[in-house]
Amino acid sequence: MGLFGKAEKKLEGAVGGVFARAFKGDVQPVEITNRLCKELDAEAQVLSRDKSLVPNEFLIELSKHDYARLFPFSKTMNAEISAELKDYAAEHAYLFNGPILIAYEERPDLPIGRFEVSSATVAAVDGGSEARVRTGGWVLEVNGVRHPLTAAGLVIGRGSEADLRINDPGISRSHAQITLSPDQGTVMIKDLGSTNGIIVDGQKVAQAELTNGSRIDLGKTQVLVQGPAGR
């Protein structure tokens, strides 16, 4: 039995007989699994001879009818679909940047049985949280999560020794260091001998001063700098 045949059996067992009773033409969970695997193939970015980076976040747009029928089972479906995607990725030497997330959205203009998929490659980030951000201080925003910059500064990297860990294969274990001056008026970034370097506001640099609104590109990940007003 092939990958999608096994996936169908697992999904049928997970959600009971509800889909067996579905009207002909309704979107089936195994179709979503199949499409997402094809999305991995289409969006794979070659990292090396034997590894490719693939999307890990997906949005499934469904007709009103299909959304109402599938969404109540989305938690169970997502667990099974994610497992199949991981198996498929392992077979094809695909690498996920972070956890697999699958969201569903109703789109009134879609007919029953049709669905659209969009995807994104989003790195997992560890180290800091929005709740700890000090009002008026410098902040680094990564994938929508804000990380406060303290006087001690921080090291960004993929390794366990980094203060701000980003699970991006294009980022070195200790990639860059960000420092804050004693008066908190100046922020600097310095390349720590990374493989792929750092890009600040579109320019590759060894070190640079950061300002409010600066954009740092590290591997496939973008870091936005937010500073106090007037900085």
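Is Pro 111 buried, exposed or partly exposed? With a relative accessibility of 42%, Pro 111 counts as partly exposed, since buried means under 20% relative accessible area, exposed over 50%, and partly exposed in between (1.4 Å probe, protein chains only). The structure is a predicted model, in which local features need pLDDT of at least 70 and side-chain atom pairs count only at pLDDT 80 or more, while totals for chains, interfaces and linings use all residues. Residues are numbered from 1 along each chain as its sequence is written, and side-chain values use heavy atoms, with hydrogens and water left out.

Pro 111 sits in the loop between strand E5 (101-106) and strand E6 (115-120). Beyond its neighbours within four places in sequence, Pro 111 is in contact (heavy atoms within 4.5 Å) with Ser 63 and Asp 66. His 65 is 46 residues from Pro 111 in sequence, yet the C-alpha atoms of the two are 8.5 Å apart.

On the scale of the whole protein chain, there are 4 helices and 18 strands; these are DSSP runs numbered from the N terminus (helices: H or I, at least four residues; strands: E, at least two). Of its 231 residues, 40% count as buried. Among contacts between residues at least 6 apart in sequence, 58% join residues at least 24 apart. The chain exposes about 12,000 Å², of which carbon and sulfur atoms supply 49%; accessible areas come from the Shrake-Rupley method with a 1.4 Å probe, and for residues only the protein chains shown count as cover.

Turning to the sheets, 6 strands form an open, antiparallel sheet in the order E9-E8-E18-E17-E14-E15, where two strands pair if DSSP finds at least two bridges between them. Its edges are strand E9 (145-148) and strand E15 (203-205), each pairing on one side only. Within this sheet, strand E14 (residues 198-200) is joined to strand E17 (residues 215-218) by 2 bridges, and Ile 199 stands opposite Asp 217.

Strand E13 (residues 187-191) has two antiparallel partners to consider. Its pairing with E12 extends over 5 bridges, with Lys 190 as the bridge partner of Gln 177. E12 and E13 form a hairpin with 6 residues between them, and Gln 184 in the turn has a positive phi of about 60°. The covered face of E13 carries Val 187, Ile 189 and Asp 191, whereas Met 188 and Lys 190 lie on the uncovered one.

In soluble globular proteins, nonpolar side chains tend to be buried together.

Finally, His 175 occupies the loop between strand E11 (164-167) and E12. His 175 is buried, with a relative accessible area of 0%. Its contacts include Ile 156, Asp 191, Ser 194 and Leu 218. A polar atom of the His 175 side chain lies 2.8 Å from the backbone oxygen of Gly 197.

How values were computed
A polar contact is a pair of N or O atoms within 3.5 Å; within protein, one must be able to donate a hydrogen and the other to accept it, and residues adjacent in sequence count only if both atoms are side-chain atoms.
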